[in-house]
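Hello,

Here is the structure I promised to pass on. My notes follow below it.

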Amino acid sequence: MTILVCGGAGYIGSHTVKELIGNYEVVVLDNLSTGYPFLLDDNVTFVNGDLGDEEVLDFVFTTYKIDAVFHFAANSLVGESVEKPLMYYGNNVSSTLTLLKKMVEHGVGKFIFSSTAATYGIPNKEIITEETATNPINPYGRSKLMVEHILADVAHAHNLQYVVLRYFNAAGAHETGVIGESHDPESHLIPIILQHLLGQRDQISVFGTDYNTADGTCVRDYIHVTDLANAHVLAYEGLNSGKVSNEVYNLGNGAGYSVKEVIEACEHVSGKSAVVKYVDRRPGDPAVLVASSEKIYKALSWKPKFQLVEIIESAWRWHSKQ
Ligand code: UFG
């Protein structure tokens with residue numbers, strides 16, 4: 001079986017490719033706008049192109065016998081989405097529409113979609129289930145939710161089955177140490193702390209200390225990238241076996257850690273002390289985002305293997321080598 005991985009040269013896409021290789025043929029389509037050639041696995045067929053490009057998609061779907069599409073290719077920074085909504089709706093919604101249109105035309109009927117906790121906005125509950133109301137508060141979250149709605153409509157009208165996976169805070173690196181998290185510029189908490197502890201940044205800024213949480217800093221649910229990758233493979237196998245179809249699942253650990261707690265855990269793992277500056281809130285940050293992942297556990301027996309310290313240890317191994 002051959003899987004087309006759109007965005008397979010990115011952080012979560014490249015880790016998922018690693019889980020697929022060996023059992024599946026993999027074709028990666030990536031325009032390398034935020035992905036990196038060094039994250040590309042040697043065992044994939046790589047097509048350098050844009051998923052909004054109909055000719056490229058026709059080429060891929062006629063050249064390779066694609067059984068399913070895993071779609072990671074997107075812009076994913078909340079702040080940037082507020083600055084550049086047209087880019088976000090163009091890349092995340094419009095290009096995905098083109099991809100879906102070409103899938104329908106070429107008779108490719110299985111789709112795994114990367115969505116996000118940002119679809120919930122500021123939730124009215126501490127533990128978020130898939131039933132929690134979706135009220136995204138930025139273009140990034142809205143772009144992902146729009147595609148979720150589009151998928152439901154397309155699946156109703158055409159021969160398409162999908163699984164939507166709503167990630168909470170992806171972090172960590174592959175156990176081999178050969179791939180890990182790399183963004184330019186970096187904006188995510190754990191890589192920023194580790195870069196600081198490695199002497200690559202002067203200090204860490206903590207955005208807001210007046211949230212309604214135990215220590216006043218934001219609480220997030222950190223989930224290892226390999227656990228996310230495994231969920232994609234399980235979701236695809238569930239679609240294939242008919243176990244699941246057209247479902248939305250949260251992917252998180254079900255445990256929340258504050259920004260201060262994450263800094264302490266990073267200090268513990270690295271054996272180094274951080275210089276911390278407390279600054280104003282970052283616009284658009286909800287106080288607490290913690291997932292219930294019961295639904296995917298019940299449907300597909302997916303359970304995260306890695307907790308916060310192991311996530312940070314794997315990230316530390318990766319960042320120490322960069
Ligand atoms: N933070 C800091 N200092 C930093 C960086 C982050 O205090 O230098 C804080 C943030 O304010 C936030 C927490 O650390 O409270 C985590 O921030 P990240 O930027 O690492 O992650 P986010 O929670 O903002 O974003 C993640 C995903 C997004 C997704 C979002 C859903 O990266 O794609 O969760 O809310 F949209």
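**Helix packing**

Helix α2 (residues 54-63) packs against helix α4 (residues 85-106) at an angle of about 35 degrees, and their axes are 10 Å apart. Axes are lines fitted to C-alpha atoms over the stretch in contact, and angles run from 0 to 180 degrees between N-to-C directions. Helices are DSSP runs (H or I, at least four residues) and strands are too (E, at least two), numbered from the N terminus. On the α2 side, the contact (heavy atoms within 4.5 Å) is made by E54, L57, D58, F61 and T62. Among the α4 residues in it are T98, L99 and K101.

**How to read it**

This is a predicted model: local features need pLDDT of at least 70, side-chain atom pairs count only at pLDDT 80 or more, and totals for chains, interfaces and linings use all residues. Residues are numbered from 1 along each chain as its sequence is written, and side-chain values use heavy atoms, with hydrogens and water left out.

**The ligand**

The ligand is surrounded by 20 residues (a heavy atom within 4 Å), and the closest are N169, L189, S205, R282 and D285. β9 (204-207) and α6 (189-197) each supply at least two residues of this shell. The largest share, 3 residues, comes from β9.

Polar contacts are pairs of N or O atoms within 3.5 Å. A ligand nitrogen is 2.7 Å from a polar backbone atom of S205. A ligand oxygen lies 2.9 Å from a backbone N or O atom of F207. For S187, a polar backbone atom is 3.4 Å from an oxygen atom of the ligand.

Regards

Definitions and conventions. Polar contact = N/O pair within 3.5 Å; in protein donor to acceptor, adjacent residues only side chain to side chain.
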